[in-house]
Amino acid sequence: MRRFTRIQTIGRKELLDTLRDRRTLIAMIFVPMVLYPAMMLGSLQGFELQVGRLKQERYKVAVESEAAQRWLRAVIDSDPARRPRATSLPAEEIVELHERGELDVPSTAPALRDESPAEAARADVRQHPPEYEIVVMSQADEVRAQVRSGACHAGVLLPGGVPARGESGSAQVTLVLDQTDIRSQIAAAGLEGILKRLSEAWLHERLRRVRLDPQFITPLETLQEPVATPEKVGGSILGQIVPLILVIMTITGAIYPAIDLTAGERERGTLETLMVAPVPTVDLIAGKFLVVALIAMLSAALNLLSIGGTIWLGGLGDLLARGGQVVIPLNMLPWVLVVLVPLAVMFSAALLAVCSFARSFKEAQNYVMPVMVAAMIPAVVGILPGTRLEGPLLIMPVTNIVILTRDLFTGRFDLFSILWVTLSTTLYAGAAVAVAAKLFGQEAVLFADSGSIKTIFKRRFFRPADQPSAAQAFLLLAVVFSANFFAQQWLLKLPGVAGTLRFWFGLAAVIVTLFLLAPMLFALYMRVRIRSAFSLGPAAPAGWLAALCFGLSTWVLAQGWFAFQQTWLPMPPEMERAFEEMVAALGGVHPLVMLVFLGLLPAVCEEMFFRGYALGGLRGSLGRTAAVIVVALAFGIYHHSVHRLIVTSALGLLFGLLVVRYRSIWPAVVAHGLHNGLSGLSARSDGLKPLLERFGYGLDATGYPPPSWLVAAGLLLLVGIAIAVLRPGGTAPAQTLVRGSGADAAPPHSGGDSRAG
Amino acid sequence: MSLPGGIIRVEGLTKVFPNPDGSEKTAVDHISFEVRPGEIYGLLGPNGAGKTTTLRVVSGLLRPTAGRVWIDGQEVTGHPELVKRHIGYLTANTGLYARLTPREILEYFATLYDLPREQAAARIGRLIEWLGIGPYVHLRCGALSTGQKQRVSIARALIADPPILVLDEPTLGLDVLSNRLILEFISTQAAAGKAVLLSTHALDEIDRLCRRLGLIHNGRLIAEGELDVLRRQTGRQRLSDVFLSLVGAEESVFGGRSPAH
């Protein structure tokens, strides 16, 4: 109980401190409450003004003769949309009436009966009749030139002379327009509407003459009946924008206090004072976390309030309402706020974790940007039309909240998904808080002045290092992640590549470039010694033995796991097909070539990058265990598939274990290569399939390997783990791993012995 | 010479920091000393000698790479929270929350040290009176002068009435008046039975306050013991001469910086 009081005390003080900061208040209150509504309303009014201006503009229309001018004038003025009285009159009479000046009686808008789009367009024209000024030219080319030069907005050409309402046949009217000019488009569209209505009137006239009912020409009339309630329509409109705004605003609200309460406190020297107090670091970070989360939520709530207020009071609702067909479901806003709580919690924790790592305000700001971008991508995925809250998206951070918010607006949600979203988000938040607590108390973060941001960019400041820094590793992880994703997508989009051997060549190029060359060059540039950074030293025999145990067993277990996973997280058929197609592209090549593409290249490159570079960089600040876990998760995520996440992450853990245990990536490379190679070759009849079948191996109907094989593989794996965990890693003790981190607190050894190995 | 009853006992303390390039820097190298209740022990040395690192390890902010530190019989690494309760630590840079008032800061730390409400109020009142914080107790700390901030920091360090005071350059950058007040205050605290571990590079402070001291140079304790004994050993009367003769006179340890002000 005492502990909660203490966290509460810390939280209260941090809140007071933060609320006294003018910058927080600006970010939290002024921006959402004043700036956004003002900007929103301002741009709305500007938009409306512009629309109104375009509608009421006087358009210049060029024609090629006086007769054409007279005719067009009469047609425009007698347009039934603007002059209801004229509807029933034949065109010739309209021309006569017009010339006598009798047509100019004020129009009265009839009450709307139907709400069809055509009628709505007419009503629009009636309310804002655009004016057309008709300019006479001497020939058609001149008309075109006028429009092209922009002197006239549109031109009307009558190739067959002035059309008359004949008994049959059809006269031609050509509209000349500049399709790059919005005004020209509007003028032409307006004229087209007028002419269409005239044509309709003439058609009806013809039909009357041959005594046909107008329905004769529409044997089938298609009608639409929208069933969505106005609330739902409004909700779907809100659902497209509001969730994204809220996500951005929640982060924005959390950023400032997160930096201020961690890196800011470190910079001002108060952190040391605070650490002197007899309070566990976890409690400190918990108190700070509460405040950041609270402010993020307040910020989100104020933004929501502001959006609601702007819609309700500011006329945005009217604009969206489109004549009463849309009702904005303002009553959903409180529920949206509830959903935002876990989001605020997660962001606050993530930002705290990132900022705990920074030694100064500026450094923290540099770290925050990638988090912001990382949050935006899944948020955008969430607002894509057609995404639904199911399958992997249920647990995809940020995306799931965005979709849930959208569903709340449209009233289409269920408790099951709310539960999933809340649970998974809370889990991520908890992990982030744990990381934050771990980083926050680090001695290096508290006191050491090493590795400031300016030394990151200028090579002459770099001092040769054995391992990349955690910041370098994170940076490269992030860059390579997105580069890898886009390169693979691009590769699949190239014509004639997907499903062919060329894809594999492309993939090999991508892998070598991103996972091997990129970290190597980066390390060279940063003056990180390649041999130690990538753990390229030799391994003890036990390492090779453990690697062999892993490599020979995991492919069977993975196969079994996939079959099991298929029962609760089935792979979508398209994905399965795409995957099979990819593998089939290797069907024609020699098994050894396949081994290169599937086994050798990924094993070497990915191990170099993940277990070599990334693990080396992270274990210094995260500690060995946490670094192995983080790198394994990254390894899983890099495979861009929720369905492979568990297996690849688990493999990542095993490979990571090998590397930290034996201080060399080579056993991991072997295990990785064996796993990939055996997975591929076991399915090929010119590979290992016949041999394996002789030993009773084969997948059953649901994809499971034989139970005996599963048991044997499981035992082999356990043996491998036992070798790696139980036996001391024969070579040098893993001491330089623990650079300055008090967490592992291993007894000190001289730093030199690792190099001897 | 290590007498029993040291409330602070430091044995073979070594602290190694990793450099960004992977090499290591030994900030403190095998330091041993002890401080008894009622005693002011001075850690004397030039900037960067390892004084602050030593104090941080003693106060439980850093974990020693090797060696051990006992506070009142408890090993620091084993029970950092417990040990921190016994120590009032004054950091070298007066890190106060700029947006809080002195009173708020004192109240905050009183809660962090689990002081009961009435006791905290009484303690804060006394500290404010002792240190003359009254006139600016309701101003935000950001608006205070260096001397005023230092008084608030000292009040903060004493909030739980700890038996041990660890003071890292308590008079750094202070004017003569504040300087005197703080030195007198330290004397009174020691007279009241507190153990004071004081780091400074101001020789006259050591001269005035300490009977025993340790000389730190390049992370190593080059001399340790009673001031009079050191004087006799070196045959020098002035402390600066004692110091210089101990580190080797050819080395200009204090650089361009005046040791006292």
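This is a predicted model: local features need pLDDT of at least 70, side-chain atom pairs count only at pLDDT 80 or more; totals for chains, interfaces and linings use all residues.

Visitor: In which helix of chain A is the place of A:Ala201?

Guide: Residues are numbered from 1 along each chain as its sequence is written, and chains are lettered from A and ligands numbered from 1 in the order in which they are written. Helices (H or I, at least four residues) and strands (E, at least two) are DSSP runs, numbered from the N terminus. A:Ala201 belongs to helix H7 (residues 182–209) of chain A.

Visitor: Is A:Ala201 buried or exposed?

Guide: A residue is buried if 20 or more other C-beta atoms lie within 10 Å of its own, exposed if 12 or fewer, and partly exposed in between, with C-beta atoms placed from the backbone. A:Ala201 is buried, because 21 other C-beta atoms lie within 10 Å. In sequence, A:Ala201 is 121 residues from A:Pro80, yet their C-alpha atoms are 9.1 Å apart in space.

Visitor: How many helices and strands does chain A have, and what share of its residues is buried?

Guide: Chain A has 29 helices and four strands, and 41% of its 757 residues are buried. For contacts, the criterion is that the C-beta atoms of two residues, placed from the backbone, lie within 7 Å. Of the contacts in chain A with a separation of 6 or more, 76% are between residues 24 or more positions apart. Chain B has nine helices and 10 strands, with 49% of its 261 residues buried. In chain B, 68% of the contacts between residues at least 6 apart in sequence join residues at least 24 apart.

Visitor: Why do the buried residues of H1(A) line one face of the helix?

Guide: The buried residues of H1(A) include A:Ile7, A:Ile10, A:Lys13 and A:Glu14. Viewed down the axis of H1(A), the buried residues fall within an arc of 165°, so they line one face; the arc is that of the directions from the helix axis to the C-beta atoms. On the other side of H1(A), A:Arg2, A:Phe4 and A:Thr5 are exposed.

Visitor: How do the axes of H12(A) and H13(A) cross?

Guide: Axes are lines fitted to C-alpha atoms, for helices over the stretch in contact, and angles run from 0 to 180 degrees between N-to-C directions. The axes of helix H12 (residues 333–356) and helix H13 (residues 361–383) of chain A come within 9 Å and cross at roughly 145°. Their crossing is right-handed; a crossing is left-handed if the near helix is turned anticlockwise from the far one by less than a right angle, and right-handed if clockwise. Among the residues making this contact are A:Phe347 and A:Leu351 of H12(A) and A:Tyr367 and A:Val371 of H13(A). The contact residues comprise 10 nonpolar, no polar and no charged, where Ala, Val, Leu, Ile, Met, Phe, Trp, Tyr, Cys and Pro count as nonpolar, Asp, Glu, Lys and Arg as charged, and the others, Gly among them, as polar.

Visitor: What covers the buried residues of H13(A)?

Guide: The cover includes helix H8 (230–268), H12 and helix H14 (399–410) of chain A. Among the buried residues of H13(A) are A:Glu363, A:Ala379 and A:Gly382.

Visitor: Where is B:His30 found?

Guide: B:His30 is found in strand E2 (residues 24–35) of chain B. B:His30 has a positive phi of about 50° although it is not a glycine, and it is partly exposed, with 14 other C-beta atoms within 10 Å.
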